[in-house]
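Hi everyone, thanks for making time today. I'd like to walk you through one structure, so please have a look at the screen.

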Amino acid sequence: VINVVPGNGSTGQALASHPGIDMLTFTGSTATGRKVMAAAASQSLKPVLLECGGKSPQIVFADAISSLGATALAQACSGAALWNQGQVCVSRSRLYVERGAADGLIEALLVHLKSIQPAHPHHGGCAFGPLASKAQYDKVCAAIAAGEASGAKLLLDGRKAAAPEGGYYVGPTLFVDVPADNALMREEIFGPVIALARFDSEDEALRLANDSDYGLA
């Protein structure tokens, strides 16, 4: 039997803390996940399974670009990062590219990303809609502004994308040569923002990919 109980934070608090519930799973933000775990331990000890965000990597080697083509890889990489406008916990928003082939892939990415236009979801052919709420729109715009202020190289600014009126639209955004300690590489944005960095060796690529507090995809 499945019983759906919609509600706000107090509803979730009641469910998480209730001693009659034997196990909890939660998908959402890290901050809320902490609250769920604390509530679950407040009245009893029960198993808790959390899926709380991500900052997943993609690694592209030069031989992949030469065999598959920069255009095809640009489409694949952007799709993995920007599906559902990046509002996916397994969004692969960190993109690591072998140095010798990075310029070609960046050029192809720019061409492809500029072709993606935000549109109203009710219109036929819409492939890139708005963000979920004003709060999320403000968070994504603030992350882009902070990245730009940090000195990261902003090649495509989704805040300037042509978009319909009356919605919280941010277009595809691309930062390149982003340092490993930059918030663009460290923190989940949950929006259409790709952070790209170059690498020189397989060991370096794996080290950069694994240098994260998250670990989903």
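I'll start with the sheet, go on to the core, and finish with the salt bridges.

A word on the ground rules. This is a predicted model, so local features need pLDDT of at least 70 and side-chain atom pairs count only at pLDDT 80 or more, while totals for chains, interfaces and linings use all residues. Residues are numbered from 1 along each chain as its sequence is written, and side-chain values use heavy atoms, with hydrogens and water left out.

Now the sheet. Helices (H or I, at least four residues) and strands (E, at least two) are DSSP runs, numbered from the N terminus. Five strands make an open sheet in the order E3-E4-E7-E6-E5, and the pairing is mixed. By pairing I mean that DSSP finds at least two bridges between two strands. Which strands stand at the edges? They are E3 (57-60) and E5 (153-156); each has a single partner strand, so one side of each is left without a neighbour in the sheet. From one strand to the next, the twist averages 25 degrees. Angles here run from 0 to 180 degrees between N-to-C directions, with axes fitted as lines to C-alpha atoms, for helices over the stretch in contact.

Look at E4 and E7 next: they run parallel, joined by five bridges. Within that pairing, Leu 95 stands opposite Leu 196 in E7. Helix H4 packs on the sheet and touches E3, E4 and E7, its direction making about 170 degrees with that of E3. Contact means heavy atoms within 4.5 Å. Helix H8, residues 202-210, also lies across E3, E4 and E7, and runs at about 150 degrees to E7.

On to the core. A nonpolar core is a set of buried Ala, Val, Leu, Ile, Met, Phe, Trp, Tyr and Cys residues joined through side-chain atoms within 4.5 Å. Buried means under 20% relative accessible area, exposed means over 50%, and partly exposed is in between, using a 1.4 Å probe and protein chains only. The largest core has 24 residues, and those touching the most other members are Val 60, Leu 95, Val 97, Leu 105, Leu 174 and Leu 196. Two or more residues come from each of H4 (70-82), E4 (94-98), H5 (99-114), E6 (173-176) and E7 (193-199). Which element gives the most? That is H5, with eight residues. Apart from this core lies another, of 20 residues, including Leu 184 and Val 193.

Last, the charges. There are seven salt bridges in the structure, each being a side-chain nitrogen of Lys or Arg within 4 Å of a carboxyl oxygen of Asp or Glu. Asp 200 pairs with Arg 99, their closest N and O atoms 2.7 Å apart. This pair links the loop between E7 and H8 to helix H5, across 101 residues of chain. Asp 200 is partly exposed at 48%, and Arg 99 is partly exposed at 40%.

Arg 198 meets Asp 103 at 2.8 Å, N to O, and meets Asp 177 at 2.6 Å. Is Arg 198 buried or exposed? Arg 198 is buried, at 18%, whereas Asp 103 counts as exposed at 53% and Asp 177 is partly exposed at 38%.
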